[in-house]
Amino acid sequence: MATEQFSNLAQTTLGSSISAGATSLAVASASGFPASGQFRIVIDQEIFLVTVVSGTTFTVTPGYESTTQASHTSGAAVAHILTAGVATMLYNNSLNFSTPRIQAFGDSRASYCGLNVNASSSTYANPALQYPSRSPIAWANRFLRGRLNFDLTQGYIGQFQAVFEVKVLNGGSNYTSPSVSFSGTGTGLTFGSPVLSGGVIKSVSVTAQGINFTSLPTLTVSDSTGSGASLQAVLGGTGTFGNAGETTTQCVNRLADIVAAPVDIVFVCIGTNDITNSVSAATSKANLQTIFDTLIQAGKFVVYCPDQARSYWASLSGSAITNARHQMYNVKRWAYQYALMVNGKNPNTSKRMLICDGEDFWADATSSSGNPLSLMTSDGLHWSTASAQAMGLRLAQQLEQALGLTGPANIVSQADGYDSTYNQDGALNFSWLMTATPGSPTAPLTGSIAGNFNAFRGSGSSTGTMAGSIESTRTDGLSGSRQVFTFSLGGGTSSEQYNFGITSSTISAYNISVGDTIIAECDMWLSGQASVNRLLLQISFTQSGTVVMQGTDGDNSADTFIASGAYMALGGDSTPMTFKTAPVVVPSGTDHFTCYATLGFNASGSAGSATATWKIGNFRIRKVV
């Protein structure tokens, strides 16, 4: 893989004339020029990319960077130059993003990065208001203390399991009055009349998005004269650039969407459906290379999450499943070579890519079938909260090293309070650093809690230790105090919930007004956990006791978290996590609000079967201004 070479003041002349389009040229002297390619020279008004140097003979690519190929006479000046293309490449290769913008692109695993489905009821939660629990990106951002910008309004929004838009893959020819119909699992989908130009279909609008499309619908164009058109549906509602059920070929058709998005990092999850749709490994690798090349050349940093072992293979059985696994690892090995820029697999001049692979903690390496561990998958293929949490930690660690995400993530000072004139986005709540006189929690919790906060059991009946204390001198060396809870539970229910935060208060008491955009944020630490199934920060606005708007961050699906021992193997036990709710606009009529951090357990086992040490710090509410 060639790397751009540089030198200062290298100049010479052409040793002999060359014709337009020449791929080799002789210079009078190569002294001062780089000893090997690649580098760029200019002759008259044409830029050449020099790829090989052999004495005074340069192998070149003519007409580089859109300059015009032309003939050049012997004795013409030849100079080594720094071009706009090189400058752009160097700029794009700078990995020191301050708050990099990240999005997911690919099939259903990319959709899961934004899709928020309740584990028990499969009900949809608006990604603009609720950050997902089974998203490695969301967990990575928590571990990076909010240093990523994961904006779920950038991707495919709209109604969940509805058609967001239609891509015209081939406009066909000779169409006069075409109409579009569909077949699939959903209902209620309608289209506008296709827009034509010279008998070619240019675009198709969606007039009603329909509902209940659990897989991609097939779109058909009917016309008495035209033929050859091909359309592809894009499903909405996930807030990412994921489209469930797609092959790599179909993902290539949507590349322009993610290229055009204001995104720095693209988390690519593609390939699962190639295997079940009999797409060859060669085609998968060619499509992946198109995707990687296009994103890298567009200045994006690519993080590829290869296929993980799965416990079900739709429509496959017997030896076909073994063959599918072999193909999965064939493609994964190629992707590693591309990312590492070895064996000629990566033609780009920059290493703007890394592999985020969870195989070591996802799959049962002792099993001949290589199935995923039951904790790691919600349905045999897609992430559970536990695997999303583990993958998010790995992604955070990799991005922190690759992008240099260092330094404090948040301002931590009691002086950072709200002031309507001088600090409009300061903390609205009192003593958010938890230095006020401690109080007592609501029974059955015991011990002490930070002043101006409350703690109580939201649901459950377990017995055991559930004690609060104040860490007045923080062991991490930061300012303020931390709230600490120690739990050792059993004999209760499978959905125990313990809350810490601000009880119902009038919005005016916290300088909140209708129309304000509000977020809540706090840091949490979790260690020694067993049977933990919920970790959440939520702010709710109410009118006469009825919730009218909520913003959340975290897991509210009663989905099991990764166990403490396995988590420690990844370096994650006691790792700080920053939770920040999606911003919500206080609706008209709102009179009160509550804001809680919630820890949940399956405490239905014996005494001591559900455990955790839960620490909370820097708990604050702010206006977005």
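How many cavities of 30 Å³ or more does the count come to? The count comes to two, where a cavity is a set of points, on a 1 Å grid over the protein atoms alone, at which a 1.4 Å probe fits but cannot get out. Grid points are joined across faces, edges and corners, and a volume is the space filled by probe spheres set on the points.

The model is predicted: local features need pLDDT of at least 70, side-chain atom pairs count only at pLDDT 80 or more, and totals for chains, interfaces and linings use all residues. Residues are numbered from 1 along each chain as its sequence is written, and side-chain values use heavy atoms, with hydrogens and water left out.

Strands (E, at least two residues) and helices (H or I, at least four residues) are DSSP runs numbered from the N terminus; two strands pair if DSSP finds at least two bridges between them.

Next, select β3 (residues 39–43), where four of the five residues are buried, that is, under 20% relative accessible area with a 1.4 Å probe and protein chains only. On one pairing, five bridges join β3 to the antiparallel strand β4 (residues 46–54); here I41 has F48 as its bridge partner. Centre the view on the turn of this hairpin: two residues separate β3 and β4, and D44 has a positive phi of about 55°.

Move to β2 and β5 (residues 57–61), an antiparallel pair with three bridges. L25 and F58 are bridge partners there.

**The largest cavity**

Finally, select I270, G271, D274, I275, S284, L288, Y304, D307, Q327, M328, V331 and K332, which line the largest cavity; lining residues have an atom within 4 Å of a point. Its volume is about 90 Å³. Show α6 (272–276), α7 (281–297) and α8 (319–340), each of which supplies at least two lining residues. The largest share, four residues, belongs to α8. Colouring by class gives six nonpolar, three polar and three charged residues; Ala, Val, Leu, Ile, Met, Phe, Trp, Tyr, Cys and Pro count as nonpolar, Asp, Glu, Lys and Arg as charged, and the others, Gly among them, as polar.

Methods:
On a 1 Å grid over the protein atoms alone, a cavity is a set of points where a 1.4 Å probe fits but cannot get out, and a pocket is an open set with protein on both sides within 12 Å along at least five of seven lines; lining residues have an atom within 4 Å of a point. Buried means under 20% relative accessible area, exposed over 50%, partly exposed in between (1.4 Å probe, protein chains only).
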